Amino acid sequence: MNMIVSRRLLADSIGRFEIYAPLIARKRQPGNFVMVRANERSERIPLTIVDSDETRGTITLIVQAVGKSTKHLLTLYAEDTILDIVGPLGNPTPLTEGKSVICVGGGVGTAELYPISTGLKQKGNTLRTIIGGRTRELVILEEEMKSCSDAVYVTTDDGSYGRRGTVVDQLKDLMAAGPAIDAVYAIGPLPMMKAVANATRETRLKTCVSMNALMVDGTGMCGGCRVSVDGAMKFACVDGPEFDGHQVDFDELIMRNRTYADLEKIADCRL
Amino acid sequence: MTTPSENSTTFRPAAGVNPMKPSERMKIPRQHAIEQTADDRVGNFTEVSLGMTEERALREAERCLECKNPVCIEGCPVSVNILDFIRLILKKDYVGAVNKIRETNYLPSICGRVCPQESQCEAVCTMGKKHDPVSIGKLERFVADFEREAGLFIPPEIPERRPETVAVVGSGPAGLTCAAELAKLGYGVTVFDALHAAGGVLRYGIPEFRLPRDILDMETERIKALGVTIQTNFVVGRTATIDELFDEWGFSAVFLGTGAGTPNFLGIPGESLSGVYSANEFLTRVNLMKAYRFPDHDTPIRIGKHIAVIGGGNTAMDAVRTARRLGAEKACLVYRRSRKEIPAREEEIQHAAEEGIEFVLLTNPLRIMGDENGWVKALVCQRMTLGEPDSSGRRRPVPVEGSEITLEVQTVIEAIGQKPNPIIQATTPGLATSSRGTVEVDEFQTTSREGVFAGGDLARGGATVILAMRDGKLGARSIHQYLNRDGHARRRPMTAKESA
């Protein structure tokens, strides 16, 4: 169980792992995530299941090295085993059918978006996808997105690849140009999702965002992932992870996600 | 002093093991466990109580009046034969004593540490009517520790394996007890747990200074020694549903003991600030993820110089004492009723007071204030007074107008109760639940779904370890009856998929 079948780097700090986890593979749906604990001392971290193969009994995870536990994961190779993986967790993403949809992925959020994009395609939606990153290296899964989208638009902040600008700039242009859009699915850093929600708020364009909150257990036990949605407290792990982007209090969550920022640096030095 | 009537009706000295007269027994003062000093223990996470020496245990056992009608046994939710186990102590047969306990309670070293004896067996102890009750809990712990330290545990004999297998969901006190009882009856048992380690609330909730992890590990190993499989990292309802456990995995019955793991929040302003924890998150970070060893362990915890824990139950005590050990200079407990109504175990309240925990009583939080960076800086509260008794029989706290106080704290931990996790209820059609989210059971722990039984906090909403164990035991008995009823078509045994 939990053996890494294959591993390749998508960028210096981004790894793609195919892992043998047959019980999870046969149950996973778009939007599901797993909690991963790499070794006895690691944190439990939530990772979206990017893809699965029921025949092979594998799930695919994409990991960006940001903290100590994720950096450790990137030191693992094929045939290494991950100590603990549990899932699939979270509610499957509610997918529209036969609509005109735009998917927006920022940075490694594109990995979390990918299973939703493939799900949307299977449901007969017309799918346009915008993916972006700070720089060319951080634009991932372009080919995969092309295979499930009717059109793919790429942006980079520094203009090193695709359009110079942000995914939100591209989204605004597509909204202005038409044809009419029925729904937007956006996954990326919290400020990006906030900007997408702000861009679609005025026209009440349905916008689904995925909350990457602090989590310990991932099953509704700690309450650490609480998010204010339309003034009510929700747990991202069991009530989400997706919510109506127009009802999420992003600022609150952006602030609280900084809780351990300095401690994470301390942990990092011990790597 | 003994009256003739007591002598003739309550005691039976002739048949007793102890040759002492009741009046002599009553003269012996209650023996106490050895404890780390408060100064020492606030600097570590090792166990507060070090238990009784053999000498003290024997002395304490001599205090037992060997009542003809041992009411202590009725006071125990699982009816441990207290009289007989104390008599075995008097005969210095400590292993016999722990095995006597194990006949009805498979986790003696845990119950000896975390049971609220003062409201159960010791509350009704005859000695307690005029003197201090016999220290039954400490004696239970003594024999369990003696057996462990001497390496004298022998697993009970298991009857021939029956064809049926049972799935137990949740490896807390209810699930572990149910699994042990079913294994002793010969059933194949798999216990599923969502976390990466077994024990449930005993693992993530109760701190090491009350229940050392080697004790918990040992007790779970002893459950495995009965042939029980413990499957961690498996969320029933997600990894497999209850229906799939029956139809695809081939289980013949299911016991649900998933506890009450979802924390309640007060719903006051400021709960999203950094520095606000549910007690569940706070304790899970420390107990399960070992955040107190950060950065050697990766999971961080953040604790202010001044902290407040809201609540008065055992979880609140555990949280506030943990915060003290993590370095909080001032740790206070904010509780809306008075000292008399605090529901935590008496020993924990005393230990907390010794450790310098400040009890801010008759006080109810109104809002949490934050600084410009979104961090907690204060807890604003209101003073309360006690009014008429409410439905629980406790006097209802009533706000005192214009009595706001502000506690300067950087961490707020809410320990105001938990409710059952909703995953299983939401994924199991036909499983009846209450408005509080608990699974409804009858007096035999039977749910509305055929072959599905439940107990512990999942059915009760929030109770004690020993009541969960009682439910687990009763659930096992009901499953046994269910699987042996007339006309019951036996299901096939475990499939290859299950054993993989």
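# A guided tour of chains A and B

B:Pro422 is partly exposed, with a relative accessible area of 39%; buried means under 20% relative accessible area, exposed over 50%, and partly exposed in between (1.4 Å probe, protein chains only). This is a predicted model, in which local features need pLDDT of at least 70 and side-chain atom pairs count only at pLDDT 80 or more, while totals for chains, interfaces and linings use all residues. Residues are numbered from 1 along each chain as its sequence is written, chains are lettered from A and ligands numbered from 1 in the order in which they are written, and side-chain values use heavy atoms, with hydrogens and water left out.

**Stop 1: B:Pro422**

Select B:Pro422, which is placed in the loop between β16 (418–419) and α18 (423–427) of chain B. Helices (H or I, at least four residues) and strands (E, at least two) are DSSP runs, numbered from the N terminus.

**Stop 2: the interface between the chains**

Display both chains. Here 43 residues of chain A are in contact with 46 residues of chain B, contact meaning heavy atoms within 4.5 Å. The area buried between the two chains is about 4000 Å², and carbon and sulfur atoms give 54% of that area. Buried area is the accessible area (1.4 Å probe) that two parts lose on being put together, summed over both. Select A:Arg41, A:Met221 and A:Tyr260, which supply 17% of the area that chain A buries against chain B, more than any other three residues.

Then select A:Arg26 and B:Glu248, which form a salt bridge whose closest N and O atoms are 2.5 Å apart. A salt bridge is a side-chain nitrogen of Lys or Arg within 4 Å of a carboxyl oxygen of Asp or Glu; the count between chain A and chain B is 3. Between the chains there are also 21 residue pairs in polar contact, both residues at pLDDT 80 or more. A polar contact is a pair of N or O atoms within 3.5 Å; within protein, one must be able to donate a hydrogen and the other to accept it, and residues adjacent in sequence count only if both atoms are side-chain atoms.

On the side of chain A that touches chain B, the largest share, 6 residues, comes from β7(A).

**Stop 3**

Select A:Pro88, which lies in strand β7 of chain A. A cis peptide bond joins A:Gly87 to A:Pro88, with omega about 0°.

**Stop 4: A:Val50**

Where does A:Val50 lie? A:Val50 is in the loop between β4 (45–48) and β5 (51–53) of chain A. At 2% relative accessibility, A:Val50 is buried. Leaving aside neighbours within four places in sequence, A:Val50 is in contact with residues including A:Arg28, A:Leu61, A:Ile62 and A:Tyr114.

**Stop 5: B:Arg222**

Move to helix α13 (residues 213–224) of chain B, where B:Arg222 is found. Is B:Arg222 buried or exposed? B:Arg222 is buried, with a relative accessible area of 8%. The side chain of B:Arg222 makes a polar contact of 3.2 Å with the side chain of B:Glu147. Beyond neighbours within four places in sequence, B:Arg222 is also in contact with residues including B:Arg102, B:Tyr106 and B:Phe153.

**Stop 6**

Select α15 (residues 279–288) of chain B, a mostly covered helix in which 10 of its 10 residues are buried. Just after α15(B), B:Lys290 takes a positive phi of about 60°. Continue to B:Pro295, in the loop between α15 and β9 (306–310) of chain B; a cis peptide bond with omega of about 5° joins B:Phe294 and B:Pro295.

In helix α17 (residues 346–354) of chain B, the buried residues are B:Glu347, B:Glu348, B:Ile349, B:His351 and B:Ala352. Elements that these buried residues pack against include α10 (136–150) and α16 (314–325) of chain B. After α17(B) comes B:Gly356, whose phi is positive, near 85°.

**Stop 7: cysteines**

Over all chains the structure holds 0 disulfides, a disulfide being a pair of cysteine sulfur atoms within 2.5 Å. For B:Cys125, the nearest cysteine sulfur is that of B:Cys72, 6.6 Å away. B:Cys178 is buried at 0% relative accessibility.
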